[in-house]
Amino acid sequence: MKAVIDTDTMRLQKDELNFIPMKPGETVTLVLIRDLQTDTILLTPSSRNIRFNLTDRKIEKLSRNNHLHNTFYAHRGVVNFQLGFPYVNLFRSAYGNESRSGGGFMGIALGVDCFYTNSLFLNVTGGGIMNFMLPFPAMVDFGSGVEEYHGSLYVAVSNNHMLLRNRLSLGYGLCFSHDTWNTVDYGPKDDTEPWQDASADRRSNSLGLVFRCHYYTRGTFHVGLSYRPTFVQFANGTRYKYQHTASIELGFRIRL
């Protein structure tokens, strides 16, 4: 037996089909094809989570089904808005003959997922990350000494695969970033000590790759890891220069 839902054709096993309409309350045309017989059923379900038992032509509502719920966010034609918070960030910054690694907290990212098959989607994300020293927002008074500040504004476009019954996604693509690496010298503790300002402001644009891995819960929440290596730097000319940023991200998806 085959089933046609709008323009999607599916072959059935055991005469059962799990399906979620695009929006609650949407009218869905289901066509059943068995041998030379064709039946058309017009469905207007009130629940996102439903199962069609095609042998008896009846609808059973399911209150809990992780796979079905995740399918609401992951099938062809779906567009999801992504709100992410890169919580832990790692940096390898390079400028001229200098390079430095660092890490810290805080960031924000906004993105859109566009599913072009039931298991593949394009993601476009723009975000900003930093290496704030505390895992929560707070005022910090350094007073004296030298501190290193790393930051990155980036735009990434990636192709992603849904795996493990829509619980895991793996992606790869291109990334463009504006990177900053600043050294701030707050001066000596004692005003009588000799002091030579060691402050420096380093900025560059870079082009590279992005690799993404996200795990999705039953609802909107997900946790992920993003690695963004860059290889081409645009600063006082164009040159090969390896840098990278990596983030552990907490996020939410909202279906549009």
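User: How much space lies in the largest cavity?

Analyst: The largest cavity holds about 130 Å³. The general idea is simple. Rolling a probe the size of a water molecule over the atoms shows where empty space is left. Here a cavity is a set of points, on a 1 Å grid over the protein atoms alone, where a 1.4 Å probe fits but cannot get out. A pocket is an open set of points with protein on both sides within 12 Å along at least five of seven lines. Lining residues have an atom within 4 Å of a point. Grid points are joined across faces, edges and corners, and the volume is the space filled by probe spheres set on them.

User: What should I know about the model first?

Analyst: This is a predicted model, in which local features need pLDDT of at least 70 and side-chain atom pairs need 80 or more, while totals for chains, interfaces and linings use all residues. Residues are numbered from 1 along each chain as its sequence is written, and side-chain values use heavy atoms, with hydrogens and water left out.

User: How many cavities does a search of the whole structure find?

Analyst: Three, counting those of 30 Å³ or more. Of these, the largest is lined by 17 residues, and Ala109, Asn123, Thr125, Arg212 and Glu249 are the closest to its centre.

User: Which strands supply the lining of the largest cavity?

Analyst: Strands are DSSP runs of E of at least two residues, helices are runs of H or I of at least four, and both are numbered from the N terminus. Six strands each give at least two lining residues: strand 8 (79-95), strand 9 (98-115), strand 10 (120-132), strand 11 (146-163), strand 13 (200-216) and strand 14 (221-234). By class, the lining has six nonpolar, eight polar and three charged residues. Nonpolar covers Ala, Val, Leu, Ile, Met, Phe, Trp, Tyr, Cys and Pro; charged covers Asp, Glu, Lys and Arg; the others, Gly among them, are polar.

User: Which residues lie nearest the centre of the second largest cavity?

Analyst: Ser152, Ser177, Asp179, His244 and Thr245, out of 14 lining residues. Strand 8, strand 11, strand 12 (168-185), strand 14 and strand 15 (238-255) each give two or more residues to this lining. Strand 12 has the largest share, with four. The volume is about 90 Å³. The lining divides into two nonpolar, nine polar and three charged residues.

User: Take Ser177. Is Ser177 buried or exposed?

Analyst: Relative accessible area sets the class: buried is under 20%, exposed is over 50%, and partly exposed lies in between (1.4 Å probe, protein chains only). Ser177 is buried, because its relative accessible area is 3%. Ser177 sits in strand 12.

User: What does Ser177 contact?

Analyst: Contact means heavy atoms within 4.5 Å. Beyond its neighbours within four places in sequence, Ser177 is in contact with Ser152, Leu153, Tyr154, Ser204, Asn205, Ser206 and Thr230. The side chains of Ser177 and Asp179 are also joined by a polar contact of 3.1 Å. A polar contact is a pair of N or O atoms within 3.5 Å; within protein, one must be able to donate a hydrogen and the other to accept it, and residues adjacent in sequence count only if both atoms are side-chain atoms.

User: Which residues line the second largest pocket?

Analyst: Gly103, Met130, Asn131, Phe132, Met133, Val140, Phe142, Glu147, Glu148 and Tyr149. The volume of the second largest pocket is about 200 Å³. Strand 10 and strand 11 each supply at least two residues of its lining. Six lining residues are nonpolar, two polar and two charged.

User: How many aromatic pairs does the structure hold?

Analyst: Five. One of them is Phe211 with Tyr227, a stacked pair at 6.3 Å centre to centre and 20° between the planes. Phe211 is in strand 13 and Tyr227 in strand 14, 16 residues apart. The rings of Phe, Tyr and Trp (its six-membered ring) pair if their centres lie within 6.5 Å; planes under 30 degrees apart are stacked, over 60 edge-to-face, and the rest tilted. Phe211 is partly exposed at 37% relative accessible area, and Tyr227 is partly exposed at 33%.

User: Where is Asn166, and what is its phi?

Analyst: Asn166 lies in the loop between strand 11 and strand 12. Its phi is positive, about 65°, although Asn166 is not a glycine. Asn166 is buried, with a relative accessible area of 9%. Asn236 also has a positive phi, near 55°. Asn236 lies in the loop between strand 14 and strand 15 and counts as exposed at 70% relative accessibility.
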